[in-house]
Amino acid sequence: MAKLKMAVYWGAACGGCDVAILDTQEKILEIAELADIVFWPIAVDLKYEDIETTEDESIDICLYNGSVRNSEQQYVAELLRRKSKVVIAFGACACFGGIPGLANLFDRDQILERVYKTTPSTSNPDNIYPQTEVKVKEGTLFLPHFQATVSALDKVVEVDYYIPGCPPPVNLIMGAVDAIKTGNLPPKGSVLAPEKSVCDECPRERKEKAIPEIKRFYQVQDDGKTCLLEQGILCIGPAVRAGCEGACIKANMPCRGCMGPTPGVIDQGAKMIGAIGSVVGLADEEIMSESEVQELLDKVEDIIGCLHSFTLPVALINKKIKEKS
Amino acid sequence: MKGPDPKVVMFCCNWCTYAGADLAGTSRLQINPNFRVIRTMCSGRVDPQLVLEAFLKGADGVIIGGCHPGDCHYISGNYKALRRVVLLKKLLSQLGINQERLRLEWISASEGKKFAAVVNEFIQKIESLGPLELDQEKISRTTL
């Protein structure tokens with residue numbers, strides 16, 4: 001079999017997904033045996049020109065990690081789509097917008113003002129904001145345009161497969177490598193991860209889901225064994241796809257949802273609202289007044305930060321709305 | 001000048017609120033017609049996704065109608081609906097949407113008058129809030 005050609009790119013990302021590829025440790029040799037890297041900005045010194053000048057569909061696999069926030073990321077996404085046979089959204093940001101997607105709770109101007117003007121460590125008396133072009137004596141210099149919202153990759157280009165996770169777990173990466181090697185890829189559009197929920201892989205004991213109240217970490221003496229949600233800690237595992245083998249929970253941290261919604265679900269946060277509504281405050285539900293219910297649930301602060309940490313750009317309502325008046 | 005007619009989606013539980021709607025109709029009560037009823041078996045069966053989808057697809061307001069506390073045909077579905085609505089309102093307001101656009105009401109099968117009053121009052125409220133303009137790009141997840 002001829003060696004495959006692979007491209008890796010990062011959009012609005014932290015670099016963790018690139019590191020996840022290296023986390024395959026000695027198995028990286030398997031990947032190197034399978035594919036030549038033709039483009040990988042974090043690791044290999046190749047320029048956009050090198051890709052622009054290759055033939056269309058000459059790259060076999062493209063792993064795009066990170067969401068799309070500016071015009072450069074969009075340009076490269078479109079370029080790589082044209083040049084690649086298979087595009088894989090790699091990691092939570094590419095699949096769902098990821099943590100950068102929480103910026104959709106603010107508009108472009110608010111973000112620029114915060115970053116370049118009002119953070120306590122910023123001094124900008126002349127109101128200098130980044131511009132997309134500047135003339136210097138050698139010519140004109142350009143910077144990418146900062147777009148209004150953060151998008152998941154599939155809002156910008158067609159995506160063939162999804163490998164979620166923050167970062168994608170090594171076993172899923174190797175599973176995908178095996179599938180590519182053996183030509184056993186599932187239908188286009190599939191998520192290359194299990195179809196169960198995080199709870200199915202969670203090692204903690206579950207009894208009956210009936211939670212008197214939602215608690216903060218400092219209010220709980222974790223016994224290390226019982227389901228975190230049953231102890232009152234907001235763990236969103238029930239609404240999240242498996243594949244991570246409960247990595248966070250094994251470190252005594254609740255699930256925050258980086259694997260994205262379970263199959264068939266559009267809006268992870270809405271589903272978790274459904275789940276919380278089913279299990280919290282059951283014991284006294286018949287005698288609780290509406291204001292008591294309100295008080296009970298007011299303990300969920302920053303509901304989008306809790307339930308849509310990684311998925312706001314693919315939620316049903318995926319950004320801040322400006323109502324008139 | 002009067003703006004476009006508001007659109008209100010009303011999820012009515014089969015056992016109480018839907019029967020209440022029926023009674024309001026057979027009693028020939030005057031009701032503002034700008035609402036669409038969707039019958040569900042229980043208010044507890046209204047998936048929060050449906051509420052968000054209603055807003056996304058052009059509803060200016062959503063009412064969920066269920067049985068009074070203690071009267072749920074399935075014992076506790078209405079309590080679940082209450083908790084979900086409380087959380088949904090928090091979600092909506094964090095998204096910048098006026099939380100008064102979502103309302104939960106207990107309307108029994110004998111409360112045709114209450115049904116008419118709630119719908120009329122709610123539509124008036126939505127009219128005063130104006131249309132909800134969601135200029136959302138289409139959801140393009142291919143995995144759905």
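A crossing of two helices is left-handed if the near helix is turned anticlockwise from the far one by less than a right angle, and right-handed if clockwise. The model here is predicted, so local features need pLDDT of at least 70, side-chain atom pairs count only at pLDDT 80 or more, and totals for chains, interfaces and linings use all residues. Residues are numbered from 1 along each chain as its sequence is written, with chains lettered from A and ligands numbered from 1 in the order in which they are written.

**View 1. Helix α12(A) crossing α3(B).** Here α12(A), residues 290-297, packs on α3(B) at about 55°, axes 10 Å apart (helices are DSSP runs of H or I, at least four residues, numbered from the N terminus; axes are lines fitted to C-alpha atoms over the stretch in contact, and angles run from 0 to 180 degrees between N-to-C directions). That makes the pair oblique, the class left over once angles under 35 degrees (roughly parallel), over 145 (roughly antiparallel) and 65 to 115 (roughly perpendicular) are taken out. The crossing is right-handed. On the α12(A) side, Glu290(A), Val293(A), Gln294(A) and Leu297(A) make the contact, meeting Leu82(B), Arg83(B), Val86(B) and Leu87(B) of α3(B) (contact: C-beta atoms, placed from the backbone, within 7 Å).

**View 2. Chain B against chain A.** Zoom out, and 35 residues of chain B contact 37 of chain A. On the chain B side, α3(B) gives the most, with 11 residues.

**View 3. Around Ile249(A).** Ile249(A) sits in helix α10 (residues 247-250) of chain A. Leaving out residues up to four places away in sequence, Ile249(A) touches Cys202(A), Arg204(A), Leu228(A) and Cys255(A).

Note on methods
Helices (H or I, at least four residues) and strands (E, at least two) are DSSP runs, numbered from the N terminus. Two residues are in contact if their C-beta atoms, placed from the backbone, lie within 7 Å.
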